[in-house]
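Here's a quick briefing to read with the model open in your viewer.

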Amino acid sequence: MRSKVSTSEVPEALKDRILVVDDEQDFLRLLKRSLVKDLECDVLTAASGGAALQVLEEESVDVVLVDMKMPGMDGLEFLDHLRARYPWVTAIMMTAHGCVELAVQAMRQGAYDFIIKPFDHDALVFTLRKALERHRLLRENMRLQRRCKGETAFQDIVGQSPAMRRVFEAVQMVATSDLTVLITGESGTGKDLVARAIHNLSERAQGPFVAVNCPTVPENILESELFGYKKGAFTHATHNKIGLFQEAHRGTIFLDEIGDISPAIQTKLLRVLQDKAIKPLGDTKIIKVDVRVVASTNRNLQERIRSGTFREDLYYRLNVVPIEMPPLRRRREDIPLLCDYFLKKHGSELRRPHKTISPELMEIFLAREWEGNVRELENTIMRGILFATGDEIRPEHVGMVPERRSCRLFDDASFQHLPYKQAKGEVLRRFHQQYLENLLARCAGNVTHAARQCGLERQALQQVMRRFGIDPEKFRKSHTKIPK
């Protein structure tokens with residue numbers, strides 16, 4: 001549980017975080033100033049439900065205080081999105097006197113509490129304190145449950161970035177239910193590890209975990225593998241075969257890369273999700289199965305729905321609880337942790353003395369795009385362990401020797417004839433442009449991550465970007481985001 005000391009002594013990562021959502025900007029500014037002082041917490045603000053969901057994608061939040069009546073997405077609609085995508089976040093609704101029945105409805109939909117406008121500030125602070133305490137107890141309970149089940153559930157998932165903390169929280173929350181989960185993300189991000197963690201933390205942990213890599217099984221075989229068959233169902237069916245859904249009875253079946261299965265298999269899989277029953281090939285009987293389904297994909301399923309290659313009804317059956325795995329370029333702060341983990345893991349497996357990453361190589365790692373994500377980083381470190389002759393893995397050991405480029409910032413004599421102040425201004429302009437463009441390129445245009453990396457407050461970084469005409473949007477276009 002987070003300890004309370006003076007505001008100046010509380011590390012940012014450990015301070016409570018409240019997100020206030022209201023369409024009145026003056027109200028947001030006033031509430032932020034007072035809550036930061038009274039609760040010694042971080043307060044984020046958003047002027048609409050859509051803006052709030054964007055904040056939640058980039059920041060870890062404990063409690064959301066949201067107005068019931070807003071243009072566009074209202075409080076109830078926002079609450080539906082919050083419960084589906086961030087079920088661990090505690091929600092408090094603000095409502096006017098005449099809308100108490102809506103607040104009661106919101107509590108039925110999962111809100112923790114509500115407060116009526118205009119409210120007494122002390123009453124609001126008291127309500128938020130209770131909500132924060134509830135959130136801490138919930139976190140502590142999940143931590144203890146994890147410890148009781150053994151510390152191995154997340155042993156292969158490494159990360160302390162906000163993006164990964166959100167993944168861990170989602171896994172812990174969804175594991176206690178039996179809901180179907182769809183894990184999205186690029187190849188190599190660790191979707192299979194998250195699926196296994198969900199199983200290990202669930203009440204089905206003592207049951208089987210059956211993983212099916214859908215693209216590797218030919219279409220004409222996948223149906224019989226999933227649902228089984230009776231003897232004589234087809235040529236060479238010389239005996240009865242139990243399908244993988246039956247093997248996963250009272251456990252979890254993980255359908256990896258489900259976006260690649262054929263329409264025919266999609267139709268039969270939809271029936272299984274609807275009826276919780278299978279029908280083996282050649283059999284006339286329906287067999288009930290008690291299976292929790294977790295699926296993953298690196299495909300844009302919504303685009304596939306539009307192109308007619310993926311069933312929309314199956315998508316909504318699978319996407320009950322979505323979990324998005326962030327690409328490595330969106331959590332660069334985890335790279336040193338991952339390096340340390342892989343060095344220890346594979347150094348022992350390969351029977352090599354412990355090695356470290358040289359500062360030059362770490363700089364390359366932090367700037368690299370990592371199209372293959374964590375899997376590519378792991379393979380790179382394994383090569384380094386094998387080929388490094390000393391205690392340190394250097395760029396040449398993994399084939400990543402950087403090109404030597406001269407710094408043109410001061411070598412260029414085009415401003416040498418200018419007056420001192422004008423030349424200084426030109427140098428500073430070039431520095432800011434180069435520095436900010438490189439920073440945003442590394443962070444894929446994510447201003448929050450960029451601010452964290454360069455040590456500036458987000459608003460301060462935005463001011464510098466506006467001053468020098470740097471638009472973060474152009475650095476986002478080259479990065480396709482898996483939809484939730």
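This predicted model has an open sheet built from five strands, lined up as E2-E1-E3-E4-E5 with parallel pairing. The edges go to E2 and E5 (113-117): each has a single partner strand, so one side of each has no neighbour in the sheet. On average, neighbouring strands here are turned by 20° against each other, if you ignore direction. As background, strands of a sheet pair through backbone hydrogen bonds, and they can do so parallel or antiparallel.

**How the strands connect**

- E1 (residues 17-21) pairs with E2 (residues 42-46) in the parallel sense, and five bridges hold that pairing.
- Within that pairing, Leu-19 sits opposite Leu-44 of E2.
- Going from E1 through helix H1 (residues 25-39) to E2, you trace a β-α-β unit, and it's right-handed.
- E1 also runs parallel to E3 (residues 63-67), this time with four bridges.
- Here Val-20 is the residue that faces Leu-65 in E3.
- Over at E5, five bridges link it to E4 (residues 90-96), and the two run parallel.
- If you want a residue pair to click on there, Thr-95 has Ile-116 in E5 as its bridge partner.

**A closer look at E1**

- How many of the residues of E1 are buried? Five of its five, so to speak a strand that is mostly covered.- In a regular strand, side chains alternate between the two faces of the sheet.
- On one side of E1 you'll find Arg-17, Leu-19 and Val-21, and on the other Ile-18 and Val-20; all of them are buried, which leaves both faces covered.

**Aromatic pairs**

- A pair of aromatic rings is described by two things: how far apart the centres are and the angle of the planes.
- The count for this model comes to six aromatic pairs.
- One of them is Phe-227 with Phe-245, a stacked pair with 5.8 Å centre to centre and 15° between the planes.
- What does that pair tie together? Phe-227 belongs to helix H8 (residues 219-227) and Phe-245 to helix H9 (residues 244-247), so the contact links parts that are 18 residues apart in sequence.
- Both Phe-227 and Phe-245 are buried.
- Phe-365 and Trp-370 make an edge-to-face pair, because their planes meet at 65°, with the ring centres 5.3 Å apart.
- Phe-365 is buried, at 1% relative accessibility.
- Trp-370 is buried too, with a relative accessible area of 1%.

**Cysteines**

- How many disulfides turn up in a search of the whole structure?
- For reference, a disulfide is a covalent bond that joins the sulfur atoms of two cysteines.
- Cys-214 is buried, with 5% relative accessible area.
- Cys-339 is also buried, with a relative accessible area of 1%.

Conventions. Residues numbered from 1 in each chain as written. Predicted model: local features only at pLDDT ≥ 70, side-chain atom pairs only at ≥ 80, totals over all residues. Heavy atoms only, no water. Phe/Tyr/Trp six-rings, centres within 6.5 Å; stacked < 30°, edge-to-face > 60°. Buried < 20%, exposed > 50% of the residue type's maximum accessible area, 1.4 Å probe, protein only. Pairing = 2+ DSSP bridges. Right-handed = clockwise from strand over helix to strand, strands pointing away. Axes fitted to C-alpha atoms, helices over the stretch in contact; angles between N-to-C directions.
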